[in-house]
Amino acid sequence: MSAYDVDRIRSGFPILQRTVYNHPLIYLDNAATSQTPAQVVDAITDMYARTKANVHRGVHTLSQEATAMQEHTRRRVRDFINAPTEQEIIFTRGTTESINLVAASLGGMFDEGDHILLTDMEHHANIVPWQLIAGRRGLVIDHAPILPDGSLDMDAFRRMLTPRTRMVSVCHVSNVLGTVNPVAEIVDMAHKAGAYVLIDGAQAASHLKIDVQALDCDFYAFSAHKMYGPTGVGVLYGRRSLLEAMPPYQGGGEMIGHVSFEGTTYAELPFKFEAGTPDFVGISAFAKAIDWIEETGIEAIANHEHELMEYTVGRMREIPGMRLIGTAPGKAAVISFLIGKEHPYDIGMLLDKLGIALRTGHHCAQPLMEALGIEGTARISFAAYNTKEEADEFIKALTRVAAMLE
């Protein structure tokens, strides 16, 4: 890690200087939300102080400046994921709303008896929206199983594709297992079966280079708050031909062409799917987060995280009673674990007293927990600013906690 200046990176994140219970904060809950560098915080502050005005609504200077800042972010996102056009970039409140948009709009065009294929490792955000539309339209939901190491059972997945499968919706990276799914292969298989594909990229966009044209996916969804950006901002990439055919997800201002009581016409893409006042401050600041990721280097970040994960897993295996959940080859820097039969909440609460922030519970993946035969796990997840010294402190604290719980 000698070429990777983690000390310089950490200096740009003010929150990492705080303490918890008189211990230096060790933040290992990055899969839930990552921390935010100073330039993103400054961009939010500056816009509230200097350029707060509604976008696409006014001819005055502040409105024009705010509009330009928001649309700059749209272009930055387009380039970041290599989308063909910025008209295919829809701003939402997060990955959850992006998936809900596709489920409600495109899913509402499916016929009774059509199939939606998911996997056992999906986040609730990639299950419940499909259940909602399935209940209204009489659709059938299938879910492909996982193998013992946490990888997707591709043979079973292939068998479950049928001529009635209209949508395949799958996570790029599992938020519990860290499994990196072979999404390019999944897209190819699904398209050959005549199905559309949505990729939940919430856990991938800050760790992997995303190229939606190379993937050939129909939709790709992700959130800014997992990418060192602001909360309440998400992105849906959608294939233009599909977005043009889909009805609006919500009605209101901004998404209209002309409104009368006799009928309404809708705006062109992308505004057709952006009803109401957006979080233009957060959207504008998101560009700074993308700048930060690209300046730091997404491959360098991923390599750093992977080295930390490999080192930490090696140390964790030395702790008596350790149970690692998810060991698929090439996994992302997410480690779910249990210690003997101890409840993960007890592990998490005790570690918090030692300044270590991690996640415990079912991680919004209850069907996966059922498939694994457990109620939940403790989970740590690494980001660009975590260090080997933090990993050592975590192991030291975890060893202490494990002894306390015996």
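Biologist: Among contacts in the chain between residues at least 6 apart in sequence, what share joins residues at least 24 apart?

Modeller: In this predicted model, 72% of those contacts join residues at least 24 apart.

Biologist: What makes the chain as compact as a globular protein of that length?

Modeller: The secondary structure comes to 14 helices and 17 strands. The radius of gyration of the chain is 22 Å, and the globule rule gives 22 Å for 406 residues, so the chain is as compact as a globular protein of that length.

Biologist: Why is the contact of Arg379 with Asp29 called a salt bridge?

Modeller: The closest N and O atoms of Arg379 and Asp29 are 3.5 Å apart, and a salt bridge requires a side-chain nitrogen of Lys or Arg within 4 Å of a carboxyl oxygen of Asp or Glu, so the pair qualifies. This pair links distant parts of the chain, with Arg379 in strand S17 and Asp29 in the loop between strand S3 and helix H2, 350 residues apart.

Biologist: Why do Arg379 and Asp29 count as buried?

Modeller: Buried means under 20% relative accessible area; Arg379 has 3% and Asp29 has 7%, so each counts as buried.

Biologist: How do you know whether Arg76 and Asp291 are buried or partly exposed?

Modeller: These side chains meet in a salt bridge at 2.8 Å, N to O. Arg76 has 13% relative accessibility and therefore counts as buried, whereas Asp291 has 21%, which lies between the limits of 20% and 50%, and is therefore partly exposed.

Notes:
Residues numbered from 1 in each chain as written. Predicted model: local features only at pLDDT ≥ 70, side-chain atom pairs only at ≥ 80, totals over all residues. Heavy atoms only, no water. Helix = DSSP H or I, 4+ residues; strand = E, 2+ residues; numbered from the N terminus. Rg over C-alpha atoms; globule rule 2.2 N^0.38 Å. Contact = heavy atoms within 4.5 Å. Buried < 20%, exposed > 50% of the residue type's maximum accessible area, 1.4 Å probe, protein only.
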